[in-house]
Amino acid sequence: MFFRLCLIFCLMYSLATANYSFGKEIKNEVDLESINSSIKAVINNTSIPFSGSVILLKQGKPILELQKGNGINAESKFVIASLSKQITATLILQAVDNGKIDLSDSLNHYLYKSSSPSEKKYDDSITIHHLLTHTSGVQPLGKPNLFAPGTQFKYSNLGYSLLGNVLEQVNSQPFDKQLSAFSAKNKLDGIHASVGSIKNIQQTVSELATGLNEINKLTPSNLIINASQLPSGGLIASTSAFASFQHLLHSRKLISPESYQLMTQPHTKIKFLWPNMSYGYGLRINKDNNLTEYSHTGYVSGYMSMSLHYPEHEIDLVMLENLALNLNDLDRVFEIHNQIRQTIQRHLKVISSK
């Protein structure tokens, strides 16, 4: 009888402990339904004009897909603006992994291997690392550097265009062809590198949404994408295709662990609308309240964009828009971005603090 009572007690204790642990796990899980509802409320209740597509993923699987705007659907594609930099940085790091690029080598080393001594060159102390982190101070050829490379942060579209030139040199292939091969290899059919006016691009990328600018009224964008803009801000994607790229990237399936660590490492502090931000390679980085965030935003004529990744929770958000708000009020331009970011962080920080 004594041993039977002991056995019953042990079983009851084990069950109680298991139930407590199970309840604790459930309590600490992310409330995805609440996040979904909050994002929908932001988009549907905003007084600010919005036209675009939003996708939220958990472990690479869509848990929310939302579209709003005339003609916008799940297949719609957008100019992703500066989200392009994440893809360019990934291609650079793939070349590093293949031994074609050394991050500490100078820009001139790759662009002017066989040039004459009298040819105009960039500051010889600018390295690939400086270009990736926006710390190069690079100016157009013939103009002096803004500052000594590595001493300051200055956001530079030119810097990422030059990274595209470096890729063309080391891979002996135009950037758009490299992007097409990258997309095909990784089954990212919804990502494109196309040049020309929006109307001309729509002849081959029929799902590309026409960009709108908010001036006195909504006006079609006159954006023309040239080859030099592709690496810095001219790529085109659907939300699902860019989210797939982002999931592959943060699942360590596109670059080596060493390169991924370099990409997601804070290399320089930056001033941005969001506080406590640093920059890695093609990514903004924030670490507050035990929550890590890798992000970027983008703005070109007719289009805006935002991507967020939270590694501790394996959550991704991609928002692509075909409406560029008036730049006279930057707080208003990024208000929807801020609200969505804040609602996701509010839920995740509660979990992270437990």
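**Entry 1: a salt bridge to begin with**

I started with Glu 293 and Arg 341, whose side chains meet in a salt bridge at 2.9 Å, N to O. By salt bridge I mean a side-chain nitrogen of Lys or Arg within 4 Å of a carboxyl oxygen of Asp or Glu. The pair links distant parts of the chain, with Glu 293 in strand S13 (residues 291-300) and Arg 341 in helix H13 (residues 335-352), 48 residues apart. Helices (H or I, at least four residues) and strands (E, at least two) are DSSP runs, numbered from the N terminus.

Are these two partners buried or exposed? Glu 293 is buried, with a relative accessible area of 0%, and Arg 341 also counts as buried, at 8%. I use buried for under 20% relative accessible area, exposed for over 50% and partly exposed for in between (1.4 Å probe, protein chains only).

**Entry 2: a note on the model**

This is a predicted model, so I kept in mind that local features need pLDDT of at least 70 and side-chain atom pairs count only at pLDDT 80 or more, while totals for chains, interfaces and linings use all residues. Residues are numbered from 1 along each chain as its sequence is written, and side-chain values use heavy atoms, with hydrogens and water left out.

**Entry 3: the other salt bridges**

How many salt bridges does the structure hold? I find three.

One of them joins the side chains of Lys 77 and Glu 207, at 3.6 Å, N to O. Lys 77 lies in strand S3 (residues 77-79) and Glu 207 in the loop between helix H8 (198-201) and strand S6 (212-214), so the pair ties together parts that are 130 residues apart in sequence. Lys 77 counts as buried at 9% relative accessibility, whereas Glu 207 is partly exposed at 34%.

I then looked at Arg 332 and Glu 214, whose side chains form a salt bridge at 2.8 Å, N to O. Arg 332 is in helix H12 (residues 330-333) and Glu 214 in strand S6, so this pair ties together parts that are 118 residues apart in sequence. Here Arg 332 is partly exposed, with a relative accessible area of 24%, and Glu 214 is buried, at 15%.

**Entry 4: stepping back**

I counted up the protein as a whole: there are 13 helices and 16 strands. Buried residues make up 50% of its 354 residues. I also checked contacts (heavy atoms within 4.5 Å). Among contacts between residues at least 6 apart in sequence, 62% join residues at least 24 apart. The protein exposes about 17100 Å², of which carbon and sulfur atoms supply 51%; accessible areas come from the Shrake-Rupley method with a 1.4 Å probe, and for residues only the protein chains shown count as cover.

**Entry 5: the nonpolar core**

Which residues have the most contacts inside the largest nonpolar core? They are Ile 87, Ile 128, Leu 317, Ile 340 and Ile 344, in a core of 99 residues. A nonpolar core is a set of buried Ala, Val, Leu, Ile, Met, Phe, Trp, Tyr and Cys residues joined through side-chain atoms within 4.5 Å.

I followed up Ile 128. Leaving aside neighbours within four places in sequence, Ile 128 is in contact with residues including Ile 92, Ile 101, Leu 103, Tyr 110 and Val 166. Asp 102 and Asp 105 are also among the contacts of Ile 128.

**Entry 6: helix H10**

Helix H10 (residues 239-250) has twelve residues and reaches 16 Å from its first C-alpha to its last. That is close to the 16 Å expected at 1.5 Å a residue, the expected span being 1.5 Å times one less than the number of residues. Nine of the twelve residues of H10 are buried, so the helix is largely enclosed by the rest of the structure. Among them are Phe 242, Phe 245, Gln 246 and His 250.

I picked out Phe 242, which counts as buried at 0% relative accessibility. Beyond four places in sequence, the contacts of Phe 242 include Ile 80, Leu 83, Ile 87, Ile 191 and Ser 307. Phe 242 and Ser 307 are 65 residues apart in sequence and 8.9 Å apart in space, C-alpha to C-alpha. Just after H10, Arg 252 takes a positive phi of about 65°.
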